[in-house]
Amino acid sequence: MNKNKQIITITFVVVSVYMIYLSSCGWDDPCYRNFGVHTTNAITIDRAELSRDSLYPSETQTVRLWGTIGNNSGYTFKGLEVIRNGTAIDITAWNNLDIPCGEKTRDTVLSLNAYPYNITPPLTQGNNTVTIHGPQGGTIVKTFFVR
C-alpha cells in the first residue's frame with residue numbers, strides 16, 4: 001500500500017510540474033499548442049553513379065549520390081542506411097527536419113552533390129546490384145560485376 005502512495009505522489013508531482021511549465025507559456029504563445037516539427041524522412045535521390053563497372057573482390061566500389069535533402073534551413077542530412085546481403089546492396093538516404101516552436105526557417109535548398117559511399121571489400125563475386133531506395137517506394141538500380 002505504501003508503494004502505491006509513492007507512485008501516486010510521484011505521478012502528481014510530474015503532472016504538476018508539466019502543468020506549471022505549460023502555464024508559463026502564455027495562451028497566445030505557439031509553444032503552448034505546438035512543440036514544433038521534428039521528423040526523419042527518406043531523401044529522394046535523383047541520380048546515382050558507380051565508379052566502376054567491373055572490379056576484383058579486393059577493390060572498393062564508390063557510389064555517388066545526387067538528391068535534395070530539403071527546401072529550407074530546418075533540414076539536415078542524417079546519413080545513409082546500408083544493408084549488404086551477398087550481391088545485394090540496399091541504400092536509403094535520410095534527412096532530419098527539426099524546426100523548434102516559434103523558429104523561422106530560411107528558404108534554401110540543401111542537396112547532395114556527388115555524395116560518396118564506399119562499398120568496401122570483400123565484394124561478392126558475380127553480378128552485384130545496388131538499389132537506392134527513396135520515399136513512396138521509388139528506387140534507382142545500378143549493377144556492377146565482380147570478377
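**Figure 1. Ala114, a partly exposed residue of the predicted model.** Ala114 has a relative accessibility of 22% and therefore counts as partly exposed, since the buried class ends under 20%. The structure shown is a predicted model. Ala114 sits in strand E7. Its phi is positive, about 60 degrees, although Ala114 is not a glycine.

**Figure 2. Gln136, a loop residue with positive phi.** Gln136 lies in the loop that links E8 to strand E9, residues 139-146. Phi here is about 55 degrees, a positive value, and Gln136 is not a glycine. The relative accessible area of Gln136 is 79%, so the residue counts as exposed. The cut-off for that class is over 50%.

**Figure 3. The cis peptide bond between Pro121 and Pro122.** The bond running from Pro121 to Pro122 is cis. Its omega is near 0 degrees. Pro122 belongs to the loop between strand E7 (107-119) and strand E8 (126-133).

**Figure 4. Thr92, a buried residue of strand E6.** Strand E6 covers residues 88-100 and includes Thr92. Is Thr92 buried or exposed? Thr92 is buried, because its relative accessible area is 12% and the limit is under 20%. Setting aside residues up to four places away in sequence, Thr92 touches Ala42, Gly79, Leu80, Glu81 and His133.

**Figure 5. Glu81 and its contacts.** Glu81 is part of strand E5, residues 75-85. With 37% relative accessibility, Glu81 counts as partly exposed. Which residues does Glu81 contact, leaving aside neighbours within four places in sequence? They are Asp90, Ile91, Thr92 and Trp94. With Trp94 there is a polar contact, side chain to side chain, at 3.1 Å. Thr92 is eleven residues from Glu81 along the chain. The C-alpha atoms of Glu81 and Thr92 are 5.1 Å apart.

**Figure 6. The whole chain, as context for the close-ups.** The chain has two helices and nine strands. Of its 147 residues, 25% count as buried. Take the contacts between residues at least 6 apart in sequence: 64% of them join residues at least 24 apart. The accessible surface comes to about 9700 Å². Carbon and sulfur atoms account for 54% of that surface.

Technical notes: Residues numbered from 1 in each chain as written. Predicted model: local features only at pLDDT ≥ 70, side-chain atom pairs only at ≥ 80, totals over all residues. Heavy atoms only, no water. Helix = DSSP H or I, 4+ residues; strand = E, 2+ residues; numbered from the N terminus. Buried < 20%, exposed > 50% of the residue type's maximum accessible area, 1.4 Å probe, protein only. Contact = heavy atoms within 4.5 Å. Areas by Shrake-Rupley, 256 points an atom, 1.4 Å probe, with all protein chains shown as cover. Polar contact = N/O pair within 3.5 Å; in protein donor to acceptor, adjacent residues only side chain to side chain.
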